[in-house]
Amino acid sequence: KGVFGFYKGSFQTNGFFLNTVQYADRQSRDFWAYDLALSDEEAKHIARRAIEWKRAKFDYYFFGDNCAHRVRNLIEETIDRPVANDNGIWMSPMQVLTGVSKVRLDGMNPLVKNIRYLPATRTKLFAILTSLDGQSLNALIEFLDGDDTRLLGLTQREQKKALMAADLHLRQIISDREAKAKTGSQLDVLKERRQQVLLSLLRLRSVASDVQRPPTPSSPHL
């Protein structure tokens, strides 16, 4: 149906935070935000279009008029210059992203003024786990199983690192269960355990930790 236009396409608007949760927590995908150098009027134009699109239904053609075409067209009409061509068989979102990254306003200033890397929950979790020694890892595992004896025997710095890992792990499991509409006592136990983790982290807020931010990989368009 998408090939021959018998499929109705539509757009929905979400808060930026909800999109990051969708990618980072529920899908374990790293997230990049490309900030565009738009004037206030250009930004308002996109906002008004978003309101219009939210109410509209489109005949969706995978090869000639898909979501990438629509976003490309919106950016082109906003900045009044070409962004990406569709000379190929079809247009992908990556073509639009690559095209946007090459645009220079007035021949000098780039349209993309900043690129922010927002690592997935799993990426941040693995970055912490690689910094834990064997004793801290075992304490973390036992804590997640309900026994905090070994965790309390660690230094405050190591406790904080292990608790940060526990928080990320529990957050991802809870988010996954909620996305699948799973309820019950097990979910309640997980939420209670995470609440304990957050309270413990609050008590350790003045303790310095050497947890490093995951290294930033190359941006998608590169």
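Me: What makes up the contacts between residues at least 6 apart in sequence in this predicted model?
Reply: In the protein, 69% of these contacts join residues at least 24 apart. A contact here means heavy atoms within 4.5 Å.

Me: Which residues is Glu 158 in contact with, leaving aside its neighbours within four places in sequence?
Reply: Glu 158 is in contact with Leu 132 and Ser 136. Glu 158 itself is found in helix 8, residues 156–179.

Me: Why is Glu 158 called buried?
Reply: The relative accessible area of Glu 158 is 17%. Buried means under 20%, so Glu 158 counts as buried.

Me: How many aromatic pairs are counted?
Reply: The count comes to nine aromatic pairs. One of them is formed by Phe 11 and Phe 58.

Me: Why is the pair of Phe 11 and Phe 58 called edge-to-face?
Reply: The ring centres of Phe 11 and Phe 58 are 5.8 Å apart, with 85 degrees between the planes. Rings pair if their centres lie within 6.5 Å, and planes over 60 degrees apart count as edge-to-face. The pair of Phe 11 and Phe 58 is therefore edge-to-face.

Me: Which parts of the chain does this pair link?
Reply: Phe 11 is in the loop between strand 1 (7–9) and helix 1 (16–26), while Phe 58 is in strand 3 (residues 58–60). The two are 47 residues apart, and the pair links distant parts of the chain.

Me: What makes Phe 11 partly exposed, and what makes Phe 58 buried?
Reply: Phe 11 has 24% relative accessibility. Phe 58, at 13%, counts as buried because buried means under 20%.

Me: How do you know that Phe 16 and Phe 31 form an edge-to-face pair?
Reply: Their rings are 5.7 Å centre to centre, with 80 degrees between the planes.

Me: What does the pair of Phe 16 and Phe 31 tie together?
Reply: Phe 16 lies in helix 1 and Phe 31 in strand 2 (residues 31–36), so the pair ties together parts 15 residues apart in sequence. Phe 16 counts as partly exposed at 43% relative accessibility, and Phe 31 is buried at 11%.

Me: Which residues form one aromatic cluster with Trp 53?
Reply: Phe 11 and Phe 58 form one aromatic cluster with Trp 53.

How values were computed
Residues numbered from 1 in each chain as written. Predicted model: local features only at pLDDT ≥ 70, side-chain atom pairs only at ≥ 80, totals over all residues. Heavy atoms only, no water. Helix = DSSP H or I, 4+ residues; strand = E, 2+ residues; numbered from the N terminus. Buried < 20%, exposed > 50% of the residue type's maximum accessible area, 1.4 Å probe, protein only. Phe/Tyr/Trp six-rings, centres within 6.5 Å; stacked < 30°, edge-to-face > 60°.
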